[in-house]
Amino acid sequence: MSLMDYTVTVISTGAALLGLITGSLGTLAVVRKQSLIGDSVSHAALPGIVLAFILTGSKSPLIFTMGAIVVGWIGTLIVQFMVRNSRLKFDTALASMLSVFFGLGLMLISYLQKTPDASQAGLEKFLFGQAATLMRQDLFLMLVMGIVAFFLVILFWNVWKVMIFNPDYAQSIGIPVKLFDALLTFIQVIAIVIGLQIVGVVLMSAMLIAPAVAARHWSDKLGHMMIIAGVIGAVSSFAGATLSTQIAGLPTGPVITISVTLAVVFSVFFASGNGMLWKYISRRSRKRELSMKLLIKSFYELSLEHEEFSHPHDISVITLRLPDKYNLAGCLERGKNDGFIGNNGNKWFLTEKGLEYARKNENGGELYES
Amino acid sequence: MRNTIVDCNDLTVAYREKPVLWDIDLAIPAGVMMAVVGPNGAGKSTLIKTMLQLIKPVAGEVRFFGKPYREVRDRIGYVPQRESVDWDFPTTVFDCTLMGRYGRIGWIRRPSATDRKEALEILEKVGLYEFRNRQISQLSGGQQQRVFLARALMQDADLYFMDEPFQGVDAKTEKAIITVLKDMKANGKTLIVVHHDLQTIRDYFDWITIMNVRIIASGPVEEVYTTENLHTAYGSRVRAKLEA
């Protein structure tokens with residue numbers, strides 16, 4: 001199919017929209033430590049979709065969405081109820097609700113498939129998603145629900161921040177935490193449900209979590225994280241969906257999921273600030289600085305025992321003053337390059353610049369802060 | 001006699017059958033700096049949380065300035081225990097301080113330029129100005145405690161409840177915090193502080209409540225802070241505690 005094809009445009013736009021909405025709203029779930037909410041809601045939504053069809057006989061996306069939202073939300077409320085009123089932990093409660101609801105959904109689908117009525121065909125597309133069935137009115141529905149969700153998030157921004165960070169404090173300043181907690185869950189249910197047609201029940205939670213996890217590596221601020229997660233979600237979903245339309249046999253949902261996951265892998269390694277590479281580099285440079293301070297300090301202390309600060313010393317004397325695993329050869333090399341020390345074969349001495357450096361760091365320098 | 005600004009009547013709290021607070025009657029006068037002491041499990045935090053309506057009592061009521069909590073919320077500040085939150089939350093020292101204004105500006109309005117300016121002044125006061133843009137997990141325990149203090153100052157309340165503000169801080173930070181607290185008291189604020197270190201009671205506080213599920217004694221430190229009362233609260237462990 002060509003890139004300008006109507007279906008392709010709808011699929012790619014839909015995917016981008018989906019990535020934007022789930023990515024940014026998923027950030028709230030992740031910082032709330034409820035990453036698995038995506039899994040629970042999407043699995044719970046399956047019987048909701050089927051029940052909506054049984055009750056109405058209609059296959060309009062609006063009806064499906066309503067069914068998914070209602071039952072998905074009920075599922076989440078059941079989990080919260082179980083956690084509050086029993087000894088079950090969140091993950092246990094979630095796992096049991098998820099399997100029961102998902103099983104119920106599968107059972108209803110199988111049952112319907114055995115009935116002679118052919119109109120049920122296509123319900124199973126919600127399992128793994130089927131982007132090809134996406135139509136323009138679906139995009140419209142996604143857009144409207146996304147706008148409603150974003151509106152609520154932006155409107156009550158202060159509330160979300162303080163409530164997620166410190167619920168007791170939020171309550172003490174007059175925020176009805178339980179009510180807003182339920183509202184936030186509802187917003188997340190919306191985000192999840194709109195993705196079911198494209199990505200499907202099984203893979204939906206990745207869309208919610210992955211962009212936020214990636215974004216956490218790029219920023220330390222909630223607002224920035226949401227924007228970054230939205231952009232990562234949109235770009236990677238768009239790329240994944242477009243790729244899947246260009247190569248025959250590539251399923252859209254899974255390709256999108258993989259594409260989003262790649263963004264996570266990239267961020268984990270290469271993000272500035274919190275990425276592993278970045279941390280490695282800054283840790284290494286801090287370590288190098290510390291070993292240099294140690295080395296020059298040893299030279300300095302030795303020099304105090306002689307009249308001339310530049311009195312040369314044998315390497316073995318220096319080694320005695322340093323920790324066991326100290327990389328002496330490397331540090332001597334760097335110290336020489338920096339001009340702190342110099343040598344005559346095996347005899348090393350402190351330079352003027354080195355002396356200055358040692359004096360500056362005599363009291364531990366800037367190693368500590370209160 | 002000074003005005004009573006916190007008045008607890010018959011306050012009782014229970015977790016499943018077991019009473020955690022039993023029949024608490026407490027009158028706290030305005031302008032005091034009061035320590036709440038008692039052994040572990042005495043219900044000190046529970047008492048504070050119940051007063052602030054975070055825990056629902058089985059019986060009894062609390063009035064502030066003669067009114068129920070929700071009518072005077074803006075005049076009451078709260079410093080929770082440091083361990084009660086996840087410091088990995090993506091926010092900065094400055095942002096966290098601004099949260100102290102959320103109670104007053106409401107759910108929807110954003111902090112104004114004046115609010116921001118005041119937050120910076122407060123950060124200066126608690127010695128965190130240079131850390132204002134740091135993510136809150138990249139702070140020491142003492143600095144985190146001061147973030148909570150800054151947020152409380154931002155509330156600009158008349159009455160403060162503080163749950164172990166000296167928990168896990170070094171001597172230098174403790175000194176910095178107590179200076180701020182004494183300054184607050186000098187400005188007419190009333191402070192109610194859950195405190196663990198019996199050594200410093202006389203230096204820091206002028207009023208004290210000694211409790212262990214029930215109130216054992218409450219009043220001026222010089223009258224109430226006696227070995228006998230401590231003995232009743234802590235049992236025989238009190239000597240070890242005082243000598244520690």
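Modeller: A starting definition: helices and strands here are DSSP runs numbered from the N terminus, a helix having at least four residues and a strand at least two. By that numbering Glu164(B) falls in the loop between β6 (159-163) and α7 (171-186) of chain B. Bear in mind that this is a predicted model.

Colleague: What makes Glu164(B) count as buried or exposed?

Modeller: The cut-off for buried is under 20% relative accessible area. Glu164(B) has 11%, so it counts as buried. Its phi is positive, about 50 degrees, although the residue is not a glycine.

Colleague: What is the radius of gyration of chain B, and how do you know whether it agrees or disagrees with a compact globule?

Modeller: The rule is 2.2 Å times the number of residues to the power 0.38. For 244 residues a compact globule would come out near 18 Å, and chain B has 18 Å, so the value agrees. The C-alpha trace of chain B spans about 50 × 40 × 40 Å along its principal axes. Of its 244 residues, 54% count as buried. Among contacts between residues at least 6 apart in sequence, 68% join residues at least 24 apart. The secondary structure of chain B consists of eleven helices and nine strands.

Colleague: How many residues of chain B are in contact with chain A?

Modeller: A contact requires heavy atoms within 4.5 Å. On that criterion 38 residues of chain B are in contact with 30 residues of chain A. The area buried between the two chains is about 3100 Å², with carbon and sulfur atoms giving 57% of it. On the chain B side, Phe89(B), Pro90(B) and Trp107(B) lose the most area to chain A, together 24% of what that side buries.

Colleague: What makes the pair Asp95(B) and Lys161(A) a salt bridge?

Modeller: The limit is 4 Å between a side-chain nitrogen of Lys or Arg and a carboxyl oxygen of Asp or Glu. For Asp95(B) and Lys161(A) the N to O distance is 3.6 Å, and the pair is listed as a salt bridge. The rule finds three salt bridges across the interface of chain B and chain A. There are also ten residue pairs in polar contact between the chains, both residues being at pLDDT 80 or more. On the side of chain B that touches chain A, α3 (93-98), α4 (102-105) and α6 (141-155) each supply at least two residues. The largest share, four residues, comes from α6(B). By type, that side divides into 17 nonpolar, ten polar and eleven charged residues.

Colleague: Why is Gln155(B) called buried?

Modeller: Its relative accessible area is 6%, and the cut-off is under 20%, so Gln155(B) is buried. Gln155(B) lies in helix α6 of chain B. Leaving out residues up to four places away in sequence, Gln155(B) touches Tyr169(A) and Ile173(A) of the other chain, and its contacts in chain B include Asp74(B), Arg104(B) and Tyr160(B).

Colleague: And which class does Gly103(B) belong to, and why?

Modeller: Gly103(B) has 22% relative accessibility; buried needs under 20%, so Gly103(B) counts as partly exposed. Gly103(B) is in helix α4 of chain B. Neighbours within four places in sequence aside, Gly103(B) is in contact with Ile173(A) and Asp74(B). Gly103(B) and Asp74(B) are 29 residues apart in sequence, with 6.7 Å between their C-alpha atoms.

Colleague: What makes Ile228(A) partly exposed?

Modeller: Its relative accessibility is 25%, which is between the limits of 20% and 50%, so Ile228(A) counts as partly exposed. Ile228(A) belongs to helix α12 (residues 222-246) of chain A. Beyond four places in sequence, Ile228(A) touches Ala215(A), Trp218(A) and Ser219(A).

Colleague: Which elements do the buried residues of α11(A) pack against?

Modeller: They pack against α1 (6-31), α2 (37-56), α9 (177-193), α10 (196-199), α12 and α13 (252-270) of chain A. Among the buried residues of helix α11 (residues 204-216) are Met204(A), Leu208(A), Ala212(A) and Ala215(A).

Key:
Residues numbered from 1 in each chain as written. Chains lettered and ligands numbered in written order. Predicted model: local features only at pLDDT ≥ 70, side-chain atom pairs only at ≥ 80, totals over all residues. Heavy atoms only, no water. Buried area = accessible area lost by both parts, 1.4 Å probe. Polar contact = N/O pair within 3.5 Å; in protein donor to acceptor, adjacent residues only side chain to side chain. Nonpolar A, V, L, I, M, F, W, Y, C, P; charged D, E, K, R; others polar. Buried < 20%, exposed > 50% of the residue type's maximum accessible area, 1.4 Å probe, protein only.
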